[in-house]
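Colleague: I would like a close look at a single part of this model. Please pick one and tell me how it sits within the rest.

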Amino acid sequence: MTIAVIKVISMSREEKIELYNTLVATYPDAVRKGDTMPYTSLNGHMYSYFTKDNFVALKLPDAERIHFLDKYKTTLVQQYGIVQKEYVTVPDDLLANIGELQPWFALSYQYTNTLKPKATTKKKT
């Protein structure tokens with residue numbers, strides 16, 4: 001009989017945010033924004049963020065999203081009672097492994113860069 005060992009990582013919100021900051025810093029063109037809810041965006045599209053529920057969400061294209069969900073046994077992001085179909089929940093153990101997570105973050109940036117820029121809503125002065 002084989003017994004599965006489950007690695008449980010317990011981190012504070014601050015530790016997770018620091019890991020998120022480290023992840024963002026691995027991609028030269030990425031800029032971390034937001035004070036209370038850290039996020040990254042490109043051309044008006046968010047492609048990663050740190051949720052109020054203390055996990056990282058990544059925006060991925062269809063095929064890669066399915067692969068990510070299967071590989072890491074995770075789920076689509078659910079916020080405010082809505083399933084965000086393009087975003088995956090990054091498990092804490094993967095967040096703690098920046099080397100493994102970084103290619104997914106890069107893919108998220110690259111995917112978002114293919115999307116049509118959103119119109120700005122800034123008022124002209």
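Modeller: What follows takes the sheet first, then the helices beside it.

This is a predicted model, in which local features need pLDDT of at least 70 and side-chain atom pairs count only at pLDDT 80 or more, while totals for chains, interfaces and linings use all residues. Residues are numbered from 1 along each chain as its sequence is written, and side-chain values use heavy atoms, with hydrogens and water left out.

The protein chain holds four helices and six strands. Both are DSSP runs numbered from the N terminus: helices are H or I with at least four residues, strands are E with at least two. Along the sequence the pattern reads α-β-β-β-β-α-β-β-α-α. The chain has 125 residues, and 38% of them count as buried. Buried means under 20% relative accessible area, exposed over 50%, and partly exposed in between, with a 1.4 Å probe and protein chains only. Take contacts between residues at least 6 apart in sequence: 56% of them join residues at least 24 apart. A contact means heavy atoms within 4.5 Å.

Now the sheet. Its six strands run in the order β1-β2-β3-β4-β6-β5, open and with antiparallel pairing. Two strands pair if DSSP finds at least two bridges between them. β1 (32-33) and β5 are the edge strands, each pairing on one side only.

β3 covers residues 45-50. Five of its six residues are buried, so the rest of the structure largely encloses this strand. Its partner β2 (residues 39-42) is antiparallel to β3, with four bridges. S41 faces M46 in β3 across this pair. The β2-β3 hairpin has two residues between the strands, and here N43 has a positive phi near 55°.

β4 (residues 56-59) is joined to β3 by three bridges, again antiparallel. Here Y49 has A57 of β4 as its bridge partner. The hairpin of β3 and β4 has five residues between the strands, and N54 takes a positive phi near 70°.

At the other end of the strand order, four bridges join β5 and β6 in the antiparallel sense. V77 stands opposite Q84 of β6. α4 packs on the sheet and touches β2, β3, β4 and β6; its direction makes about 50° with that of β4. Axes here are lines fitted to C-alpha atoms, for helices over the stretch in contact, and angles run from 0 to 180 degrees between N-to-C directions.

Leaving aside neighbours within four places in sequence, T112 is in contact with L42, H45, Y47 and K59.

α1 (residues 13-25) also packs against α4, at an angle of about 55° and with the axes 9 Å apart. That makes α1 oblique to α4. Angles under 35 degrees count as roughly parallel, over 145 as roughly antiparallel, 65 to 115 as roughly perpendicular, and the rest as oblique. The α1-α4 crossing is right-handed. A crossing is right-handed if the near helix is turned clockwise from the far one by less than a right angle, and left-handed if anticlockwise. At the contact, L19, T22, L23 and V24 of α1 meet I98, L101, Q102 and F105 of α4.

An α-helix has 3.6 residues a turn, so residues three or four places apart point the same way.

For I66, the relative accessible area is 59%. K73 follows α2, with a positive phi near 50°.
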